[in-house]
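The exercises below each set a task and then work through a solution step by step. Please look over the sequence and the structure before starting.

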Amino acid sequence: MTSTANSHLTDEGKQETSHVQESEAWKNLLNEWDLGQYIDSFANEGFDHVDDWPSITAADLTRMGLKTGHQRRFLRLLSLRSQPNKILSKTLVIFGAAYGLKDVTNVVRGKLPHSAQQLDITASNSVFGDPWEGIEKSLVVVYGVLHNTELHGIGVKVVKENQCLRIHIDDAVQQKYCNSNGQINVLGACYGLKACTAKMQGLVQQKKLVVTASNNVFGDSWYGIEKSLVAVYCVGKLNSQNLTSGVRTCVVAESQKMSIVH
């Protein structure tokens, strides 16, 4: 066999190896991102080449069966891969927190390491003291996600006493809130075990928010337990240089009136 023929066979072998590696690359990437369980779904929808992934929409991911958290992970890691030289810095910020009838914002902030992407904290008297003796309490945390110093989303998490509350950087949901001068802006709210941010936002009348913490208004999210109403708010626009500046936490017991007046 001539050297030319040997060279031709060698080139064919390299091309075949390259093709095999390329055909497996997308599978390897999904496995690397801990999304290997969706390999068959991607293949069935024809997304078996990484170059096609930038065109994938949220609707495509939902159709392929990806859970919400997995969708966010896929899109975030795909963005990082598509822009390797761009630093996408995401960090958590605590706007406000309440345990029982106590504002524990500073305690929760103290448990969040600088530039952390996850918070784990137990809702217990050993951590926060007992501000409501004889009543089973809840821990409510209103948090935000900063994306390159810009507010990307706001979320509300709540757990019962003695449970662990976990917030991850990808948990935040985009909350709609009014960011206007001179108005009370509700960033997050919770009654019992249910977030009620939108409800509280709708009750704001420019410079005041007055509402009774009751099942009639918010529903009974924790049957048989005396609940608390928590509202985390600011007056006027959020300070872009210091997002927590001017943010306050208000908490009242069930059947009590919450009155916020600016």
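**Exercise 1.** Is Phe 74 buried or exposed, judged by its relative accessibility?

*Solution.* The model is a predicted one, and the values used here are computed from it. The relative accessibility of Phe 74 is 0%. A residue counts as buried when this value is under 20%, and Phe 74 therefore counts as buried.

**Exercise 2.** Classify the ring pair formed by Trp 33 and Phe 74, and state where its two members lie in the chain.

*Solution.* A pair of aromatic rings is described by the distance of the centres and the angle of the planes. A search of the whole structure finds seven aromatic pairs. For Trp 33 and Phe 74, the ring centres are 5.9 Å apart and the planes stand at 70°. Planes over 60 degrees apart count as edge-to-face, so the pair of Trp 33 and Phe 74 is edge-to-face. Trp 33 lies in the loop between α1 (3-32) and α2 (39-44), while Phe 74 belongs to helix α4 (residues 68-82), so that the pair links distant parts of the chain, 41 residues apart. Trp 33 also counts as buried, at 8% relative accessibility.

**Exercise 3.** Treat Phe 42 and Trp 53 in the manner of the previous exercise, and then name the cluster that ring pairs build.

*Solution.* The ring centres of Phe 42 and Trp 53 are 5.5 Å apart and their planes are at 65°, so this pair is edge-to-face. Phe 42 is in helix α2 and Trp 53 is in the loop between α2 and α3 (58-63), eleven residues apart, and the pair links distant parts of the chain. Phe 42 counts as buried at 1% relative accessibility, and Trp 53 is buried with a relative accessible area of 0%. Finally, ring pairs link Trp 33, Phe 42, Trp 53 and Phe 74 into a cluster.

**Exercise 4.** Describe the open sheet and the place of strand β4 within it.

*Solution.* Begin with the order of the four strands, which is β2-β1-β4-β5, with antiparallel pairing. The edge strands are β2 (102-103) and β5, each of which pairs on one side only. Next, take the partners of β4 in turn. Strand β1 (residues 90-99) is joined to β4 by nine bridges, and in this pairing Tyr 99 has Leu 139 of β4 as its bridge partner. Strand β4 (residues 138-147) has nine of its ten residues buried, so it is largely enclosed by the rest of the structure.

**Exercise 5.** Which residues have the most contacts inside the largest nonpolar core?

*Solution.* In soluble globular proteins, nonpolar side chains tend to be buried together. The largest nonpolar core here has 20 residues, and those with the most contacts inside it are Val 108, Leu 139 and Val 141. The elements that give two or more residues to this core are β1, β3 (118-122), β4 and β6 (164-168). Apart from neighbours within four places in sequence, the residues in contact with Val 108 include Ile 94, Leu 119, Phe 128 and Val 141.

**Exercise 6.** How many disulfides does a search of the whole structure find?

*Solution.* The search finds zero disulfides. For Cys 196, the closest cysteine sulfur is that of Cys 190, at 6.2 Å, which is too far for a bond, because a disulfide needs sulfur atoms within 2.5 Å. Cys 196 is buried, with a relative accessible area of 9%, and Cys 250 counts as buried at 18% relative accessibility.

Technical notes. Residues numbered from 1 in each chain as written. Predicted model: local features only at pLDDT ≥ 70, side-chain atom pairs only at ≥ 80, totals over all residues. Heavy atoms only, no water. Phe/Tyr/Trp six-rings, centres within 6.5 Å; stacked < 30°, edge-to-face > 60°. Buried < 20%, exposed > 50% of the residue type's maximum accessible area, 1.4 Å probe, protein only. Pairing = 2+ DSSP bridges. Core = buried A, V, L, I, M, F, W, Y, C linked by side-chain atoms within 4.5 Å. Contact = heavy atoms within 4.5 Å.
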